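Good morning, colleagues. Please turn to the sequence and the structure that I am about to show, and keep both in view while I speak.

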Amino acid sequence: MELRAALVPNEPDPERRAELKRRILEIEKVLERGEDASALIEAFNHDTGRSHDARFFLEYWRSRDLEDVVDEACQPRPGRVPDITRAELVEIVRRAMPTQPRFEPRYESFYRELFEANVPRPHAASLIHNPPDPRRHGIVDWAPSPEEVVELALAYRPIQL
């Protein structure tokens, strides 16, 4: 399924990518020297719409590649799309789920953020990699499909107090 333009990441401008990469590396160097990088981090976050802290810049490499961090920083933070369909949510999960043929590793974080912005369940993207433990229900070796992930996210109802 093809997604409409509002649901796909933008191809970043090469100059913008280079600038953000330079800024990330600059922040890293300042922090590694033990200096205060709060102004640089604040400017980076303001410019990219992110909310990273010093720890992020010192430790992102443990789980992510620099190029992935740059790609994420180039994208505006995805927001709520009022008329999003169930089929579109399923396709978004397919693109964020490593076990699916439509998986887009370069834009995985974009699709995860987009999914979370458009379903009621808090931290819904965690269902993609860490679904609820099926053994509690007598199910063994359950790997949910994109359709099942969407169903779990949409089935969420907050507790009424």
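This is a predicted model: local features need pLDDT of at least 70, side-chain atom pairs count only at pLDDT 80 or more; totals for chains, interfaces and linings use all residues.

How many cavities of 30 Å³ or more does a search of the whole structure find? The search finds one.

Let me begin with the cavity. The volume of the largest cavity is about 40 Å³. Which residues line the largest cavity? The lining consists of Arg50, Asp71, Glu72, Gln75, Arg106, Tyr107, Ser109 and Phe110. Two helices, H4 (66-74) and H6 (108-117), each contribute at least two residues to this lining. Sorted by class, the lining residues comprise four charged, two polar and two nonpolar.

I turn now to a helix pair. In general, a packing of two helices is described by the angle between their axes and the distance between those axes. Helix H5, residues 86-96, packs with helix H8, residues 146-155, at an angle of about 120°, and their axes lie 8 Å apart. An angle of 65 to 115 degrees would count as roughly perpendicular, and one over 145 as roughly antiparallel; H5 and H8 are therefore oblique to each other. Their crossing is right-handed.

Which residues of H5 and H8 meet? From H5 come Arg86, Leu89, Val90, Val93 and Arg94, and from H8 come Pro146, Glu147, Val149, Val150, Glu151 and Leu154. In this contact of H5 with H8, seven residues are nonpolar and four are charged, with no polar residue present.

Key: Residues are numbered from 1 along each chain as its sequence is written. Side-chain values use heavy atoms; hydrogens and water are left out. On a 1 Å grid over the protein atoms alone, a cavity is a set of points where a 1.4 Å probe fits but cannot get out, and a pocket is an open set with protein on both sides within 12 Å along at least five of seven lines; lining residues have an atom within 4 Å of a point. Grid points are joined across faces, edges and corners, and a volume is the space filled by probe spheres set on the points. Helices (H or I, at least four residues) and strands (E, at least two) are DSSP runs, numbered from the N terminus. Ala, Val, Leu, Ile, Met, Phe, Trp, Tyr, Cys and Pro count as nonpolar, Asp, Glu, Lys and Arg as charged, and the others, Gly among them, as polar. Axes are lines fitted to C-alpha atoms, for helices over the stretch in contact, and angles run from 0 to 180 degrees between N-to-C directions. Angles under 35 degrees count as roughly parallel, over 145 as roughly antiparallel, 65 to 115 as roughly perpendicular and the rest as oblique. A crossing is left-handed if the near helix is turned anticlockwise from the far one by less than a right angle, and right-handed if clockwise. Contact means heavy atoms within 4.5 Å.
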